[in-house]
Amino acid sequence: MFKDQKRKMMLASLLAVAIVSAGCSGGEKQGEGTTTAEVEEMTTTYQMFRKFAAPEYPEDGGEGKKTLLEAFEKTGAKGFDFKVTLASGDDYFTKLNILATSGQLPDYFDIDSKTLARFSEEGLLLPLDEYLKDAPNLMKIIPEEFWKEVTFNGKIYGIPKGMNDKPFNLPSTLGLTIRQDWLDNLKLSQPTTLDELYAVLQAFVTQDPDKNGKDDTFGLGVSNETNFNAIFGAYGIIPKYWTEVDGGIKKGFVLPEMKEGLALLQKWYAEGLIAHDFPIMESKQRDELVVNSLVGLFEGSVYYTEKMSSPLATSLHEANPNAKLIMLEAPKGPTGKQGYQEKLYNSEFTALSAKVQDPKKLFQYLDWVADQSDEGGFNHMMYGIENEDFTYDRATDTIELITPYAELYKKGYSNPVRFVIVTDRRSAKPEVREAIEIVNKHVITNALWKSVPAEMDYPDLETKLWMEYLVKIVTGVWPVEKYDEFIKKYYAQGGKLIEEQANELWKELSQK
């Protein structure tokens, strides 16, 4: 046991050195031993840990860091500097948790709701209430109700994602994406119901929609990460979302509509309308099917609808210049229900370590980069230098990128240094803006976004138990009737406590 503890301590120390290379949490004070007159000029370097993959981002922050700090100093601010470290996926939270265990959290970092709740309870985070009083731009872009998600025991411990009220900034960006050129080739209309969707999938599989003379196409392409949300939405549920039922809330996957959706999907899979090896297919492999024109329908991003707005769309267009992807409105189910999964604006958070030095100075910068006016730092942070990296048509509120995002990252701008997360799609192309509005026409809401303690105690109920029953029933290994067994197991293995805690919290929040 001693060796194991020693190994963990060594690993934590190595990670701390890698992530916070200038020292441990609390920033790096430059100019120690200065006179009293010089104290105000001392620079604090804040360690920023971001959940983002951008290998192009320079270790020293590049020219972006230099120009941002120069612009910030022109506001009268002094003594502020930052150092950014990036990690992505599960690796990010692995590192974050090891740093927390070792007492060496970065000064400012990305965090999810469950980790935020746990860290605040453990006293690892700085309460932000007093600093937000002097941050008018942050308060302006973040709606009042969003702060509930980051409030624990009456104190605010995180900064939610910001938003503005333009239609192209609506939150939901995922929906059924279909090959319009395949529909045109087969002289088919865009499907609006599950029955029409079924007929289209049959045609995509049997009628050579790409006109290559080969029997090589699938209808619905999905990966092993799928929840089939777009299909279950036609039954009025999103499996992992909380749904209001009889004066309380229940997870969608314990409701009767779940079995109706499973029966439909099992039928589609048996008829070869769904990519047959989806249970072992990674997202990257699913995307390869799309690029190689082997599937005609999949759940995708609004950015796929314009050929230069995503790598997938660009690759598809290069492989087939005639390919055209569009977003479908959420299909209607047998009782007229429809909807894609609601995406919450404030599903991403940031937080400050309880050990951070001079948080007031950090908040000065955060408030400046939250300001989207010409005097603020938001455009500079996100898009670089105006008329060099981007142009801004203020009349139409449209930003045109001159420098692509990958190059912006290389210069030290955009997502790696987006310390205040704000939905901003002013640079989205017309096709993308239209797709956003289509996806958000019909959404199914989640009655409770906040996590409860029991969910952290029984994480396998959703990630393993439910996925096992979903996959085995859809693929026909088990009959649909066996789903009743899942519901019994779910409640017996922790679901009952999760539901009780969720209802208590839901009622408490509903009264506020």
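**Entry 1: the cavity**

Helices here are DSSP runs of H or I with at least four residues, strands are runs of E with at least two, and both are numbered from the N terminus. I note that this is a predicted model, in which local features need pLDDT of at least 70 and side-chain atom pairs count only at pLDDT 80 or more, while totals for chains, interfaces and linings use all residues. Residues are numbered from 1 along each chain as its sequence is written, and side-chain values use heavy atoms, with hydrogens and water left out.

I searched the whole structure and found one cavity of 30 Å³ or more. A cavity is a set of points on a 1 Å grid over the protein atoms alone where a 1.4 Å probe fits but cannot get out; a pocket is an open set with protein on both sides within 12 Å along at least five of seven lines; lining residues have an atom within 4 Å of a point. The largest cavity holds about 70 Å³, a volume being the space filled by probe spheres set on points that are joined across faces, edges and corners.

I listed its lining: Leu176, Leu220, Val222, Thr226, Phe228, Asn229, Ala230, Ile231, Phe298 and Glu299. Helix 9 (229-232) and strand 12 (295-301) are the elements that give two or more residues to this lining. By class I count seven nonpolar, two polar and one charged. Nonpolar means Ala, Val, Leu, Ile, Met, Phe, Trp, Tyr, Cys and Pro, charged means Asp, Glu, Lys and Arg, and the others, Gly among them, are polar.

**Entry 2: a sheet and the helix across it**

Two strands pair if DSSP finds at least two bridges between them.

Strand 8 (residues 174-179) runs antiparallel to strand 13 and is joined to it by three bridges. Arginine 179 has leucine 325 in strand 13 as its bridge partner.

Contact means heavy atoms within 4.5 Å.

I then checked helix 11 (residues 283-291) against helix 12 (residues 311-319): their axes come within 9 Å and cross at roughly 35°. Asp287, Val290 and Val291 of helix 11 meet Leu312, Ser315, Leu316 and Ala319 of helix 12. This contact has five nonpolar, one polar and one charged residues.

**Entry 3: a hairpin**

Strand 16 (residues 390-393) and strand 17 (residues 398-401) pair in the antiparallel sense over four bridges. Aspartate 393 has threonine 398 as its bridge partner. The hairpin has four residues between the strands, and aspartate 397 takes a positive phi near 55°.

**Entry 4: a pocket**

I looked up the second largest pocket, with a volume of about 620 Å³. Its lining has 22 residues, and Phe152, Lys450, Ser451, Pro453 and Leu505 lie nearest its centre. Helix 19 gives the largest share, five residues.

Note on methods: Axes fitted to C-alpha atoms, helices over the stretch in contact; angles between N-to-C directions.
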